[in-house]
Structure formats: C-alpha cells, structure tokens
Amino acid sequence: MSPQSSGNPPKQKVNIYSMMLILSFIALLVGAILMYMELNRFGSFPQWKVSQATPVTAITTAPALPSVLG
C-alpha cells in the first residue's frame, strides 16, 4: 500500500485567505472589546434606564423677528 491511500489526506498549508480570516476575527474581537470598554464609561448596564433625569416641562421659543418686508 502506498502512503497516499491511507484514510487521512495530507494537511494543507495556511494560505493567505486563512490568514485574512484570522486577522479579521482578531480585528472584530478587539473592536468588540473596545466598544464594551467605551460603553462602561457611561455607567452600569442598562444605560437606557435613567432614573435621575427629569423631563423638560417648559419649552422656550425664540422671539419673533421683525418683518423686513413691512
């Protein structure tokens, strides 16, 4: 029997596409970690439940400008 007829095919080398896949995964992982760190700067989870904020009750408008056309 020749060595090629065994059940295991030869192992392929790492090509450029495999390296691009690994690099893109690392970039996505670093980006997710940095976004998590940025989100933690704004307080504890969940950020959308704000109990200290009070709604604005009065809306001020700018005074009317005099008409130029007369």
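Colleague: Hi! How many helices and strands are in the chain?

Modeller: The chain has one helix and zero strands; helices (H or I, at least four residues) and strands (E, at least two) are DSSP runs, numbered from the N terminus. This is a predicted model, where local features need pLDDT of at least 70 and side-chain atom pairs count only at pLDDT 80 or more, while totals for chains, interfaces and linings use all residues. Residues are numbered from 1 along each chain as its sequence is written, and side-chain values use heavy atoms, leaving out hydrogens and water.

Colleague: Thanks! What does UniProt place at residues 16–37?

Modeller: An unreviewed UniProt entry gives "transmembrane region" there; such annotations may be inferred rather than shown by experiment. In the model, residues 16–37 are 100% helix and 0% strand, with end C-alpha atoms 31 Å apart.

Colleague: And where is Glu38?

Modeller: Glu38 sits in helix α1, which covers residues 16–40.

Colleague: Which residue does Glu38 form a salt bridge with?

Modeller: Its partner is Arg41, with the closest N and O atoms 3.1 Å apart. A salt bridge here is a side-chain nitrogen of Lys or Arg within 4 Å of a carboxyl oxygen of Asp or Glu. The structure holds one salt bridge.

Colleague: Is Arg41 buried or exposed?

Modeller: Arg41 is exposed, at 62% relative accessibility, and Glu38 is partly exposed at 35%. Buried means under 20% relative accessible area, exposed over 50%, and partly exposed in between (1.4 Å probe, protein chains only).

Colleague: Changing topic, what share of the chain is buried?

Modeller: Buried residues account for 0% of the 70 residues.
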